[in-house]
Amino acid sequence: MKGTIHSIETFGTVDGPGIRYVVFTQGCLLRCQYCHNPDTWVIGRGQDITIEEIIRDLQSYLPYLQASNGGITVSGGEPLLHLDFLISLFQECRKLGVHTAIDSSGGCYSADPRFQTKLSELMQYTDLILLDIKHIDDEAHRKLTGKSNQHILQFARWLSERKVPVWIRHVLVPGITDVRQDLERLADFIQTLDNVERIEVLPYHKLGVYKWKTLGLEYPLEQVEPPTQESVALAASILNRANRNL
């Protein structure tokens with residue numbers, strides 16, 4: 001079994017609990033205006049790697065992962081575009097007792113029976129989903145990412161119904177995703193979910209702008225600056241106050 005990946009980070013500290021071995025998959029359906037990995041967008045462009053190669057490399061870091069109660073996180077791009085690869089990879093990780101997490105925007109979630117069957121199988125080997133909710137308003141979501149958010153919210157409900165542990169992540173972009181009314185609506189939505197263990201507000205940053213320029217792309221948020229610590233704290237308080245599971 002081979003997968004198409006963009007890169008691997010062996011000492012991740014922001015993609016789930018503990019120290020994480022992070023695999024970035026290639027391909028994404030969303031076109032987020034603040035994406036810091038636009039080089040992962042194109043499906044099929046990347047490097048092929050086998051499950052065996054990843055597991056062999058992962059094992060060399062096991063002492064660090066286990067000592068920190070960490071594990072492996074598959075990010076992207078969009079990991080759920082690679083269901084067969086994830087199933088096989090996480091099966092092998094489960095044999096090693098490695099905690100497994102997926103960092104997903106839910107952008108390719110589908111009610112198609114084949115997708116549902118494979119997704120259900122994958123959840124048997126998945127310990128945590130880091131679910132990125134870009135915007136609660138559908139029109140604003142379309143403007144920000146190029147896609148509707150309806151199937152993404154449906155994915156969140158699907159995970160809740162199956163009690164799959166979830167961390168909600170929300171990137172705070174001044175003037176776009178920090179409007180109090182929208183944050184209140186997102187909080188109301190989170191309150192309907194029964195599986196949310198944590199909510200993270202991620203401050204918007206410009207660390208990936210150079211990639212846009214390298215790819216010959218015009219960065220659409222050139223004039224937007226990172227949020228203040230106060231606005232991040234306010235957003236976090238609004239979202240966390242509404243979550244009955246915390």
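## Helix H9 and Ala 233

Ala 233 belongs to helix H9, which spans residues 229-241. In this predicted model, Ala 233 has a relative accessible area of 47% and is therefore classed as partly exposed. Val 201 lies 32 residues from Ala 233 along the chain, and the C-alpha atoms of the two residues are separated by 8.3 Å.

## Overall architecture

The chain contains 9 helices and 8 strands. Its C-alpha atoms occupy a box of roughly 45 × 45 × 40 Å along the principal axes. Of the 246 residues, 53% count as buried.

## Salt bridges

The structure holds 15 salt bridges. One of them pairs Asp 137 with Arg 185, with 3.1 Å between the closest N and O atoms. Asp 137 is located in the loop between strand E6 (128-132) and helix H5 (138-145), whereas Arg 185 is part of helix H7 (residues 180-191), so this contact ties together parts that are 48 residues apart in sequence. Asp 137 is partly exposed because its relative accessibility is 22%; Arg 185, at 37%, is also classed as partly exposed. Another salt bridge is formed by Asp 138 and Arg 142, where the closest N and O atoms are again 3.1 Å apart. Both residues lie in helix H5, and because they are 4 residues apart, about one helical turn separates them. Arg 142 has a relative accessibility of 46% and so counts as partly exposed.

Arg 169 and Glu 200 also meet through their side chains in a salt bridge, at 2.9 Å from N to O. Arg 169 is in strand E7 and Glu 200 is in strand E8 (residues 196-203), so the pair ties together parts that are 31 residues apart in sequence. Both Arg 169 and Glu 200 are buried. Through salt bridges with shared partners, Arg 169 and Glu 200 are joined with Asp 15, Asp 103 and Arg 198 into one network.

## Aromatic contacts and a charge over a ring

There are 7 aromatic pairs in the structure. Among them is the edge-to-face pair of Tyr 109 and Phe 115, whose ring centres are 5.9 Å apart and whose planes are at 90°. Tyr 109 is buried, as its relative accessibility is 7%, and Phe 115 is buried with a relative accessible area of 12%. Tyr 109 and Phe 115 form one aromatic cluster together with Phe 155 and Trp 158.

The charged end of Arg 198 sits over the ring of Trp 167, at 4.5 Å from the ring centre.

## Backbone features in loops

The peptide bond between Gly 76 and Gly 77 is cis, with omega at about 5°. Gly 77 is found in the loop between strand E4 (71-75) and helix H3 (83-96). Pro 79 is likewise placed in the loop between E4 and H3. With a relative accessible area of 0%, Pro 79 is classed as buried. Tyr 34 is 45 residues from Pro 79 in sequence, and the C-alpha atoms of these two residues are 19 Å apart.

Asn 69 is not a glycine, yet it has a positive phi of about 60°. Asn 69 is situated in the loop between helix H2 (62-67) and E4, and its relative accessibility of 62% places it in the exposed class. Lys 163, also not a glycine, has a positive phi of about 55°. The position of Lys 163 is in the loop between helix H6 (150-161) and strand E7 (166-172). Since its relative accessibility is 52%, Lys 163 counts as exposed.

## Nonpolar surface patch

Leu 29, Ile 43 and Leu 81 make up a nonpolar surface patch of about 250 Å². Leu 29 is part of the loop between strand E2 (20-25) and strand E3 (47-50). Leu 29 has a relative accessibility of 36%, and therefore counts as partly exposed.

Note on methods:
Residues are numbered from 1 along each chain as its sequence is written. This is a predicted model: local features need pLDDT of at least 70, side-chain atom pairs count only at pLDDT 80 or more; totals for chains, interfaces and linings use all residues. Side-chain values use heavy atoms; hydrogens and water are left out. Patches are made of residues with over 30% relative accessible area and no salt bridge: like charges are joined within 9 Å, nonpolar side chains (Val, Leu, Ile, Met, Phe, Trp, Tyr) within 5 Å. Accessible areas come from the Shrake-Rupley method with a 1.4 Å probe; for residues, only the protein chains shown count as cover. A salt bridge is a side-chain nitrogen of Lys or Arg within 4 Å of a carboxyl oxygen of Asp or Glu. Helices (H or I, at least four residues) and strands (E, at least two) are DSSP runs, numbered from the N terminus. Buried means under 20% relative accessible area, exposed over 50%, partly exposed in between (1.4 Å probe, protein chains only). Rings of Phe, Tyr and Trp (its six-membered ring) pair if their centres lie within 6.5 Å; planes under 30 degrees apart count as stacked, over 60 as edge-to-face and the rest as tilted. A charge sits over a ring if NZ of Lys or CZ of Arg is within 6 Å of the ring centre and within 35 degrees of the ring normal.
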